[in-house]
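Dear colleague,

Please find below the structure that I am handing over to you. A summary of the findings follows it.

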Amino acid sequence: MPPLLYSVPVDHAPFGNPRRNYRESPEPETYRRRHRPLHPIQLSLLGSLSLDLETTKARRVICLGDSFDAPTLQTALPDSDLLTLTTLQAGLDWVWIEGNHDPGPVQLGGTHRRSLMVGPLNFRHIAKTSPTPGEVTGHYHPKATLSLRGRALTRPCFLFDDTRLILPAYGAFTGGLHSHDPALACLMSPTAEAILTGPRPCKFPMPGRTPLS
């Protein structure tokens, strides 16, 4: 499944964490150093982003935090990747939202914000317990599992209710948090819904608060 670019609202392109990493271990820094390449942005991801920006004609890009997972990693991009990213930023209003693992890549171009209000929408990294309507966040990388013809199908998903929207990660290698996880269940209302990503996105009630067997 290719990465997705999220166009909410029109002319804006917010996307969840583009970093390449796995679920955090009890020793996250040691784990990250041992189990993944030094730099988190792959050329394939940058290529997908370039194509998506061309397709959507977005004029603003909002990165919802932890784009580089750790402050030191943003300086480790190979020159070729840095050139590609800088080229993508040209002519765009590019906003880096501060994440909990990194404060935003201050060495790179663009605006660096803790959160961003765009009309009725409030873009931030981590959801608030009591949000104002229109909250859009990354951080959690939600995924959901459905039983389809006797088989379990798990994919990244959007989660939304009347108050907030939580985006899946922009990237195929980022770990995910199941929608029934308490960290997500406590944030979403009983009427929350999910949109499962894939060739044919589908909307359905947010899967139950317990895992499918």
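A residue is called exposed when its relative accessible area is over 50%, buried when that area is under 20%, and partly exposed in between. Please note that this is a predicted model.

By the cut-off above, Lys57 counts as exposed because its relative accessibility is 52%. The side chain of Lys57 forms a salt bridge with that of Glu54, at 2.6 Å from N to O; Glu54, at 48%, is partly exposed.

The count of salt bridges comes to three. Another of them joins the side chains of Arg60 and Asp93 at 2.8 Å, N to O. This pair links distant parts of the chain, with Arg60 in strand S2 and Asp93 in strand S3, 33 residues apart. Arg60 is partly exposed at 21% relative accessibility, as is Asp93 at 30%.

Glu135 and Arg164 also form a salt bridge, their closest N and O atoms being 2.9 Å apart. Here strands S7 and S10 are linked, the two residues lying 29 apart in the chain. Glu135 is buried at 2% relative accessibility, and Arg164 is buried at 3%.

In helix H3 (residues 79-89), the buried residues are Asp81, Leu85, Leu88 and Gln89. They lie on the same side of H3 because they cover an arc of only 100° around the axis. The face turned away from that side carries the exposed residues Asp79, Leu83 and Thr87.

In the hairpin of S8 and S9, Arg149 has a positive phi near 55°.

Yours sincerely

Terms used:
Residues are numbered from 1 along each chain as its sequence is written. This is a predicted model: local features need pLDDT of at least 70, side-chain atom pairs count only at pLDDT 80 or more; totals for chains, interfaces and linings use all residues. Side-chain values use heavy atoms; hydrogens and water are left out. Buried means under 20% relative accessible area, exposed over 50%, partly exposed in between (1.4 Å probe, protein chains only). Helices (H or I, at least four residues) and strands (E, at least two) are DSSP runs, numbered from the N terminus. The arc is that of the directions from the helix axis to the C-beta atoms. Two strands pair if DSSP finds at least two bridges between them. A salt bridge is a side-chain nitrogen of Lys or Arg within 4 Å of a carboxyl oxygen of Asp or Glu.
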